Each structure stands twice: as C-alpha cells, then as structure tokens.
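Dear colleague,

I am handing over the structure below, together with notes on what was found in it. Please read the notes with the structure open beside them.

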Amino acid sequence: MALIIDDSCINCDMCEPECPNEAITMGEEVYEIDPALCTECVGHYDKPTCVSVCPIDCIDPDPEHKESQDELLIKYARLTGK
C-alpha cells in the first residue's frame with residue numbers, strides 16, 4: 001500500500017530527497033506522497049527510506065491505497081521500465 005504523511009509533519013525536508021520514485025512533494029502545509037508513484041520502495045530498497053529517515057515517525061500506510069507486494073512490484077516495473 002502507498003504511504004501517507006500525517007499532519008504532525010514538521011517539514012524537516014528529510015523524506016523528499018530520499019524517495020527513489022519522486023513521490024514526495026511539498027503540499028499546502030506538509031509534505032505529501034502521491035499514491036500513484038509510491039511503491040514503499042519495493043524494487044529499490046528493503047524498506048521505505050522515507051520512514052527510515054523521518055525523525056518524528058509521521059509516515060504511515062495509507063488505508064485508502066491498499067496494495068499487495070505483487071501490486072507494488074508491478075507499479076515499480078511500470079514506473080522504472082524494468
């Protein structure tokens with residue numbers, strides 16, 4: 001499933017440069033994750049890098065965008081051409 005950044009985000013700028021899919025951008029108030037681009041780093045890394053670098057743990061699974069590992073791999077292949 002895609003990830004979501006909750007409103008406790010402090011805009012520390014740690015997550016955005018870590019995203020290999022460029023799914024994280026600055027929203028109106030806090031950073032946002034585009035679910036069409038988020039693969040939870042499947043195909044890139046063992047775990048989501050944005051979650052690893054977030055100092056306040058404000059990145060969670062997005063319950064509105066549930067995807068299996070297989071679906072995330074398919075999305076990764078589509079996004080990267082691999």
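A residue is called buried when its relative accessible area is under 20%, exposed when that area is over 50%, and partly exposed in between. By that scale Cys12, at 31% relative accessibility, counts as partly exposed. Please keep in mind throughout that this is a predicted model, and that every value in this message is computed from it.

To begin with the overall layout, the chain has two helices and four strands, and along the sequence these elements follow the pattern β-β-β-α-β-α. The radius of gyration is 12 Å, close to the 12 Å that the globule rule gives for 82 residues, so the chain is as compact as a globular protein of that length. Taken along the principal axes, the C-alpha atoms fill a box of roughly 35 × 25 × 20 Å. Buried residues make up 33% of the 82 residues, and the accessible surface comes to about 5200 Å², with 49% of it belonging to carbon and sulfur atoms. Of the contacts in the chain with a separation of 6 or more, 68% are accounted for by residues 24 or more positions apart.

The cysteines deserve a careful look. A disulfide is a covalent bond between the sulfur atoms of two cysteines. How many disulfides does the count come to in this model? The count is zero, and the distances at two of the cysteines can be set against the cut-off, which requires the two sulfur atoms to lie within 2.5 Å. For Cys12, the closest cysteine sulfur is that of Cys54, and because the separation is 6.0 Å, it is too far for a bond. For Cys54, the closest cysteine sulfur belongs to Cys58, and this distance of 3.7 Å is also too far for a bond. Cys54 is buried, with a relative accessible area of 11%, whereas Cys12, as noted above, is partly exposed.

The next region to examine is the one around Asn21 and Thr39. Asn21 lies in the loop between β1 (3-5) and β2 (24-26), while Thr39 lies in the loop between β3 (31-33) and α1 (49-53). Both residues are buried, Asn21 at 13% relative accessibility and Thr39 with a relative accessible area of 0%. Their side chains make a polar contact with each other at 2.9 Å, and the side chain of Asn21 also makes a polar contact with the side chain of His44, at 3.0 Å.

Lys75 leads on to the charged residues. Which residue forms a salt bridge with Lys75? The partner is Glu67, with the closest N and O atoms 3.0 Å apart, and the count for the model comes to one salt bridge. Lys75 is buried, with a relative accessible area of 5%, whereas Glu67 counts as partly exposed at 23%.

Finally, Gln69 lies in helix α2 (residues 69-80) and is exposed, with a relative accessible area of 51%. Its C-alpha atom is separated by 27 Å from that of Gly27, a residue 42 positions away along the chain.

Methods:
Residues are numbered from 1 along each chain as its sequence is written. This is a predicted model: local features need pLDDT of at least 70, side-chain atom pairs count only at pLDDT 80 or more; totals for chains, interfaces and linings use all residues. Side-chain values use heavy atoms; hydrogens and water are left out. A salt bridge is a side-chain nitrogen of Lys or Arg within 4 Å of a carboxyl oxygen of Asp or Glu. Buried means under 20% relative accessible area, exposed over 50%, partly exposed in between (1.4 Å probe, protein chains only). A polar contact is a pair of N or O atoms within 3.5 Å; within protein, one must be able to donate a hydrogen and the other to accept it, and residues adjacent in sequence count only if both atoms are side-chain atoms. The radius of gyration is taken over C-alpha atoms; the globule rule is 2.2 Å times the number of residues to the power 0.38. Contact means heavy atoms within 4.5 Å. Accessible areas come from the Shrake-Rupley method with a 1.4 Å probe; for residues, only the protein chains shown count as cover.
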